Amino acid sequence: MATDLLSDFEARGLVHQSTDAAALRAWLASPGRRVYAGFDPTADSLHVGHLVALVLLRRVAAAGHEPVALVGGATGMIGDPSGRSEERNLLSPTELAANVAAVERQIRGILESAGQRVHVVNNGDWMRGVGYLEFLRDVGKHVPLSQMIAKDSVKSRLERDGGLSYTEFSYMLLQAWDFVHLSDALDCRLQIGGSDQWGNITAGIDLGRRLRSRELHGITCPLLTKSDGTKMGKTASGAIWLDPKRTSPYRFYQYWINLDDDDAGRCLRRLTEASPQEWIALDDARTTNPAARETQKRLAEELTRLVHGESGLTAAQAATAIFFGAEIAGLDDAQLAEIFADVPSCEFPRSSLDGEGLALIDALVRTNLAATNSKARQTIQQGGAYVNNRRMSDVGHRLTPADLAGGSTLVLRSGKKSYAVVRFTPGA
RNA sequence: GGGGAGUUUCCCGAGCGGUCAAAGGGGCUUGACUGUAAAUCAAGUGGCUCUGCCUUCGCAGGUUCGAAUCCUGCACUCCCCA
């Protein structure tokens, strides 16, 4: 299975374009080859869109090769025009440095468990010392302008009103040089990227041939899109990030659980280590019993474990059980805080529970679960109000210490999915 | 410049003196069903100290026991003729 990486990629639908397949196969036949993919540090976290490349590198490792992850500390200074319709805003050097560090950490976290040596490199390290004139003489001289202009990424931008700046135009040279540099330093001869990277990758291959008479290889994988045409990893509320501070493990898990069947089947192949036998079994399960969502569960489990670890997966599953009706009991404040990390919270003085207690209607309004007292009353009457996931149908109910779930927290819910965490703090 | 029509609750749109918090549709909310989907069905949809009370029908006045409904003025929109 691990013998022919390229066939594995092809079977999983991961190959969009590739350079000479026979030559590539031959090169990959010996173990210990180094294969690289680049990551631009445009934010302090990677997102779901980067998973394809990360998982690909893991597969490279599983096949007995060494993954090389390049973080664009230098290229990030400039911004890749590929797949972009407008000029990028430049990041400040401090921001960039922070992003590079964060992204490097994430990459290591995901790749290092794959069982091979992992190289995480930053092109800032070799670009910083290179002078402009030197670069123009050593690299620029060998890249024909006609080819640069012919690249889709450049052409489409030139045809637009905004055009593109000389800076972004030069991006390609930097990435091309990265590839040549890595082939010098690590004997890395294969670069993998998204389909929008084809132009940049081939620029590197050309440069390698001109400067070193070396044969370099490239593979692009199709960009992940969902069957509804939207980009993978984007939701109405924004991107799905790998950083738990940006996207909680629960939401990450849910994202995969909620994929529709076609997308799930595709993602199973591209993003998980599932074997062909498993795909077939799961495809079958999906047609005979779609309700079980076995494919989605398999996806969600593997990816959540990969990104957030075993504890993240456990937390996400616990949260899932609760968000879908399980009564909230026997959890402490810390666990509640973790599960409901994405949920708006609201604080009340502890004393409001004393004596008469706090009217449920008030609590619903104060937590914005209901717009007015009337709406709150209606919600309760219609059976849409829950305290700790237990339906409350008494309009006059008052919250007392008996309603607390954790030591000082309780969870209100309106309808199926609007939650609010209420914390009662000692204060006045 | 002259003549006509209109402005209703989140949106569209009925209502033309009391039975109007205002038909109907859309949207939204809740419930049932379901695959945490879609469709479907049901209920709700001005506010409140809620079997009652208060505030809404372009704005300001007026007539009337009583006005979204009639009258006057103002603002805005649209149509037709010049």
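The model is predicted: local features need pLDDT of at least 70, side-chain atom pairs count only at pLDDT 80 or more, and totals for chains, interfaces and linings use all residues. Residues are numbered from 1 along each chain as its sequence is written, and side-chain values use heavy atoms, with hydrogens and water left out.

Gln191 is buried at a relative accessible area of 2% (buried is under 20%, exposed over 50%, partly exposed in between; 1.4 Å probe, protein chains only). Its side chain makes a polar contact with the side chain of Tyr36 at 3.2 Å (a pair of N or O atoms within 3.5 Å, one able to donate a hydrogen and the other to accept it; residues adjacent in sequence count only if both atoms are side-chain atoms).

Beyond four places in sequence, I list for Gln191 contacts including Phe179, Ile201 and His217 (contact means heavy atoms within 4.5 Å).

Next I checked His217, which lies in strand E6, residues 217–221. His217 is also buried, at 2%. Its contacts beyond four places in sequence include Trp27, Phe179, Gln191 and Ile205.

Last, the cores. The largest nonpolar core has 54 residues (buried Ala, Val, Leu, Ile, Met, Phe, Trp, Tyr and Cys joined through side-chain atoms within 4.5 Å). Helix H3, residues 51–62, gives the most to this core, eight residues. Apart from this core I noted another, of 31 residues, among them Trp126 and Ile205.

How values were computed. Chains lettered and ligands numbered in written order. Helix = DSSP H or I, 4+ residues; strand = E, 2+ residues; numbered from the N terminus.
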